[in-house]
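Here is a short briefing to read alongside your viewer. Take a look at the fold before going on to the notes.

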Amino acid sequence: MSIRLPDGTGGWSTYEPRGAPLALTPGAPLTSRTVFAAAHVVADPYADTTPDGPAAVDWDATLAFRRHLWSHGLGVAEAMDTAQRGMGLDWAGAAELIRRSAAEAAAVGGRIACGAGTDQIASGSPAEVRAAYEEQLAVVEESGAQAVLMASRALARAATGPDDYLEVYGHLLRQATRPVVLHWLGPMFDPALEGYWGSPDLDTATRTVLDVIAAHPGKVDGIKVSLLDARRETGLRRRLPAGVRCYTGDDFHYPELIAGDDQGFSHALLGVFDPLGPLAAGAVRALDTGDTATFRELLDPTVELSRHLFQAPTRYYKTGVVLLAWLSGHQNHFTMIGGLQSARSLPHLARAYELADALGLFPDPDLAEARMRTLLSLYGVM
């Protein structure tokens, strides 16, 4: 049975749902690439909250989704921007999320890395920013998780140039008890991060981050690069010291970056692998056997969906991610922390449904269709 969807121009299109999901089964951890899915949080829809108040999280559903990702052999990148850090989830909520998810990872044998940032302060001197980082790094390491040193809005405000980044990151790396992942998030994801690493010139910024890594051998596991620029990521990847991974955070070019070339490849830490988890795991398993062609055949068609979810303003991609989790049956509502379910238009959400269904992402296509019809009816579409 077809479904009528708004096309964004005031008109309508008719879509025939796929009817059968792609066959994807859980499996062992991946071997040829280190792959993290940055996971979303599930809001508690029954809590009496306000958009600017503390977040209310449905912990059971949130942890169940992480078990889903682990069951397919993926790592979980916890308390990252996909989990609405800085967009509804405050540091107190993030700290609880880190502790709960790290304990769950230990219980099931799942790989986890957690974001340590500075979002408990809005601004401050470089020394105050460093202290905020130290507090969060301690929580992550005490939980037993690997740390991701997230890009900091407060540091972007406080720093006067590359030397401030060298000092702050150098101090943190010296005290880290295990290798960390650095985090370069471009301004398309967060406009407050313009000029990160001390310069709006990306060549200068690249030299600074390479200096940070080179000055602390053995302390950096890798760097997550989210600039949506495949050429620049490849250039940085080729300049990294031996043993330091490049984790692509490029939600536009990830198939080619993960596949790599004769000079290397990127690992992955991606928000789009939240909805694509089982499919992405199946694709990387093909790489595990040396079958690049099958990897590309599986993953290349997902780029259209990813580009749609991450279209400008890119930071609102979480809305589409949560929509797809609801349609897939991973949660029983389409509600987000801070009311961000309203951050995308109905035509945007309808197109996300259509693209995801065409890929076979929904375990129960009938459930997804019924829920999409419910959403349409709430908007007055009959």
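Axes are lines fitted to C-alpha atoms, for helices over the stretch in contact, and angles run from 0 to 180 degrees between N-to-C directions. This is a predicted model, where local features need pLDDT of at least 70, side-chain atom pairs count only at pLDDT 80 or more, and totals for chains, interfaces and linings use all residues. Residues are numbered from 1 along each chain as its sequence is written, and side-chain values use heavy atoms, leaving out hydrogens and water.

**Helix pair**
- Helix α3 (residues 126-143) packs against α5 at about 30 degrees, and their axes are 10 Å apart; helices (H or I, at least four residues) and strands (E, at least two) are DSSP runs, numbered from the N terminus.
- The two helices, α3 and α5, are therefore roughly parallel to each other (angles under 35 degrees count as such).
- Contact means heavy atoms within 4.5 Å, and the residues that meet include Tyr133 and Leu137 in α3, with Tyr169 and Leu172 among those in α5.

**Barrel**
- Eight strands form a closed barrel, β3-β4-β5-β6-β7-β8-β9-β10, with parallel pairing (two strands pair if DSSP finds at least two bridges between them).
- From one strand to the next, the twist averages 25 degrees.
- Strands β5 (residues 112-116) and β6 (residues 146-149) run parallel and are joined by four bridges; Cys114 has Ala147 in β6 as its bridge partner.
- Helix α5 (residues 162-175) lies across β6, β7 (180-185) and β8 (220-226), at about 175 degrees to β6.

How values were computed. Angles under 35 degrees count as roughly parallel, over 145 as roughly antiparallel, 65 to 115 as roughly perpendicular and the rest as oblique.
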